[in-house]
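Hello,

I am passing this structure on to you, along with my notes on what turned up in it. Please have a look at it first, and then read on.

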Amino acid sequence: MSKTILLVEDEESLQFYLKSELSFENYVVIQCFNGKNALDLLEAQTYDLVILDWMLPERSGIDILRRLRRQGSNVPVIIMTARSEVDDKVMGLDSGANDYITKPFEIEELLARIRVLLRVAGTNQTDEYNYYDLIMNTKTHRVTLLNQPILLTQREFDLLNYLLRNKDVVVSRDEILDNVWGVDFSGQYNTVDVNIRHLRQKLYLPDRSYIQTERSLGYVLRVRFDG
Ligand code: CA
């Protein structure tokens with residue numbers, strides 16, 4: 001079945017070029033030219049992926065993205081922008097983007113990134129993970145620990161989701177960055193450690209810990225009872 005992509009881009013020549021290339025690859029493309037319509041379209045139906053320009057009339061791509069994540073949407077989002085500052089990129093990824101592409105880009109690069117995100121989304125069909133009183137529902141975006149709700153940021157949620165999918169497997173910082181932040185994250189190297197620390201604080205129970213550090217290798221989700 002064809003995947004549906006919402007393409008939000010106000011620059012007409014680029015919009016039509018991308019629409020024709022994506023249609024050629026058998027994606028169903030819904031076109032949108034401004035930020036306000038994007039919000040309406042996102043409320044009207046679900047999409048397999050969203051390509052979101054940063055600078056848009058009426059609402060910025062980042063505003064749209066933040067709102068989408070606040071509402072609990074997991075839809076893969078690629079932010080597209082002419083900016084190339086690292087700070088902007090970090091801001092885009094911190095706002096919940098799955099990937100980021102800087103204009104101008106080769107269409108093949110965009111197509112490759114789309115395929116990666118759709119593949120990741122497709123292999124993650126399970127809605128609920130249940131691991132020693134830690135329950136994560138990826139559809140409702142709800143996480144509970146011993147039946148108590150845990151409030152996570154979008155990034156912490158994605159990180160915990162990644163660790164749960166790989167439970168008992170040690171994952172390196174680079175693997176976490178690639179899978180949770182996007183393929184070419186170039187921010188602070190300790191970003192992963194900081195988010196792991198926050199997750200640990202939120203998953204604190206006196207008798208056990210969930211996330212273990214494997215010295216020089218990375219992290220693993222593996223329960224350890226301490227007493
Ligand atoms: Ca624009």
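Below are the notes, starting with the domains and ending with the salt bridges.

First, the ground rules. This is a predicted model, so to speak of a local feature I needed pLDDT of at least 70, and side-chain atom pairs count only at pLDDT 80 or more, while totals for chains, interfaces and linings use all residues. Residues are numbered from 1 along each chain as its sequence is written, and side-chain values use heavy atoms, with hydrogens and water left out.

**Domains**

The chain is assigned domain 1 (4-124) and domain 2 (128-225); such bounds come from an automatic or database domain assignment. Their C-alpha centres are 26 Å apart. Across the boundary, 17 residues of domain 1 are in contact with 15 residues of domain 2, where contact means heavy atoms within 4.5 Å. Between them they bury about 1,300 Å², with carbon and sulfur atoms giving 41% of that area. Buried area here is the accessible area (1.4 Å probe) that two parts lose on being put together, summed over both. Between domain 1 and domain 2 the count of salt bridges is zero, a salt bridge being a side-chain nitrogen of Lys or Arg within 4 Å of a carboxyl oxygen of Asp or Glu.

**Helix α1**

Helices are DSSP runs (H or I, at least four residues), numbered from the N terminus. Helix α1 covers residues 12-24, 13 residues in total, and its first and last C-alpha atoms are 18 Å apart, close to the 18 Å expected at 1.5 Å a residue; the expected span is 1.5 Å times one less than the number of residues. Which of its residues are buried? They are L14, Q15, L18 and L22, with buried meaning under 20% relative accessible area, exposed over 50%, and partly exposed in between (1.4 Å probe, protein chains only). Seen down the axis of α1, these buried residues fall within an arc of 100 degrees, so they line one face of the helix; the arc is taken from the directions from the helix axis to the C-beta atoms. On the face turned away from that buried side are the exposed residues E12, S13 and F24. After α1 comes N26, with a positive phi near 75 degrees.

Q154 belongs to helix α6 (residues 154-165). At 11% relative accessibility, Q154 counts as buried. Neighbours within four places in sequence aside, Q154 is in contact with R69, S73, N74, G96 and H141.

The salt-bridge count comes to 12. One of them pairs K202 with E156, with 2.7 Å between the closest N and O atoms. This pair links distant parts of the chain, K202 being in helix α8 (residues 191-202) and E156 in helix α6, 46 residues apart. Are the two partners buried or partly exposed? K202 is partly exposed at 31% relative accessibility, whereas E156 is buried at 4%.

D193 and R173 form another salt bridge, their closest N and O atoms being 2.9 Å apart. Here too distant parts of the chain are linked: D193 is in helix α8 and R173 in helix α7 (residues 173-181), 20 residues apart. R173 is partly exposed, at 22% relative accessibility.

R224 pairs with D226, with the closest N and O atoms 3.4 Å apart, and R224 is partly exposed at 46%. Finally, salt bridges that share partners join E9, D53 and K103 into one network.

Best wishes

Key:
Helices (H or I, at least four residues) and strands (E, at least two) are DSSP runs, numbered from the N terminus.
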